[in-house]
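Please look over the structure shown here before turning to the briefing below, which is grouped by topic.

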Amino acid sequence: MLDIFTQLADWLTFTVFKLSPDTSVGIGFHFFIEDTSKILVLLVSLIYVISFIRASLSVEKVRDYLQGKHKGVGYFLGSTFGAITPFCSCSSIPLFMGFVSAQIPIGVTIAFLITSPLVNEVVVIMLGSLLGIKFTVMYVAIGMLLGMIGGVILDKCQAHRWLQPFLAKAYQQVGQAQSQQQTQEPTHQRMTMKDRHAIAAGETKTIFGRVWKWVIVGVGLGAFIHGFVPAEWFEQNLASGQWWTVPVATLSAIPIYANASGVVPIMGSLLDKGMPIGTTLAFCMGAVAVSLPEFIMLKQVMRYRLLAAIAGYLLIAISITGWLFNYYY
């Protein structure tokens, strides 16, 4: 199905607008059309499906399972679900909003959000062929571990306080719902398909109306940088192996918008040019996990304090990962 978006981008870029695939303008415009159409379609589809399922699903049981004695398992499940969903960070945002609205603990949703852009099955295949099974297993383990640790830390900080008001309200209702369960018998309401559709359509319209503009702004910024950023600069300035090159590589990747599948070939190219493996890994992980376009879109569901907390954690964690890989390899 994803080939449809590539074909649409090919047709508009090279046939309708007659741009050359060898120019920065053509590359950037193709990137913008493909990713914008893909993300917007996924946005509508995922919000609707999640809302439809949630309309009849007993989210209280799921929430209680993850909030109770099995909460530690919840971080692992959130990170695992992030690893098996083939979405970039921007496409994961609708699922994140669905988890929050379902009153799943914020740490579990953060574990999903961090892991999802870093790990997917395509990355596993590409990394395995490029760097071998050992490195691939280590990468997957690190990606999931970063998600779980981030989830634990932000849960301890009660990060749900730093969500945007329309999402924070869902968490404020948790205590009210639990109090009501203690004072009254639970009632089971059977919903018709028409009722579920009405709820799902309403939530889709509301959430999509809040975020679609920022999807276009974020992907547009990423497409511009994707087409014009000089890759040679990184090869010339970050190949020395000095300790400072790792955090600089991570920070340098912030303006870039790329998914993990797209950044693996860049990793191979940078390694061929002599960049240390840890520095290369830090740059590529920064590009997919701490990208500026992603955080522009996340601003619609998070306040600045939560964005800063996630960005700070990722920058430190990715830098430590890069230093360790440079030391041992």
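**Helix 4**

The buried residues of helix 4 (buried meaning under 20% relative accessible area, with exposed over 50% and partly exposed in between, for a 1.4 Å probe and protein chains only) are Gly-74, Tyr-75, Gly-78, Ser-79, Gly-82 and Ala-83. This is a predicted model, in which local features need pLDDT of at least 70 and side-chain atom pairs count only at pLDDT 80 or more, while totals for chains, interfaces and linings use all residues. Residues are numbered from 1 along each chain as its sequence is written, and side-chain values use heavy atoms, with hydrogens and water left out.

- Helix 4 covers residues 71-84, and its 14 residues should span 20 Å at 1.5 Å a residue, which agrees with the 20 Å between its end C-alpha atoms; the expected span is 1.5 Å times one less than the number of residues.
- Helices here are DSSP runs (H or I, at least four residues), numbered from the N terminus.

**Helix 2**

- Val-49 lies in helix 2 (residues 24-54) and is partly exposed, with a relative accessible area of 43%.
- Although Val-49 and Ala-201 are 152 residues apart in sequence, their C-alpha atoms are 9.5 Å apart in space.

**Helix 16**

- Ile-320 belongs to helix 16 (residues 304-328) and is partly exposed, at a relative accessible area of 43%.

**Confidence**

- The chain has a mean pLDDT (the predictor's confidence in each residue, from 0 to 100) of 78, and 78% of its residues reach 70 or more.
- Over residues 177-188 pLDDT stays under 50, and the model has five contacts (heavy atoms within 4.5 Å) beyond four places in sequence for them.
- Where pLDDT is low, the predicted coordinates should not be read in detail.

Note on methods. Helix = DSSP H or I, 4+ residues; strand = E, 2+ residues; numbered from the N terminus.
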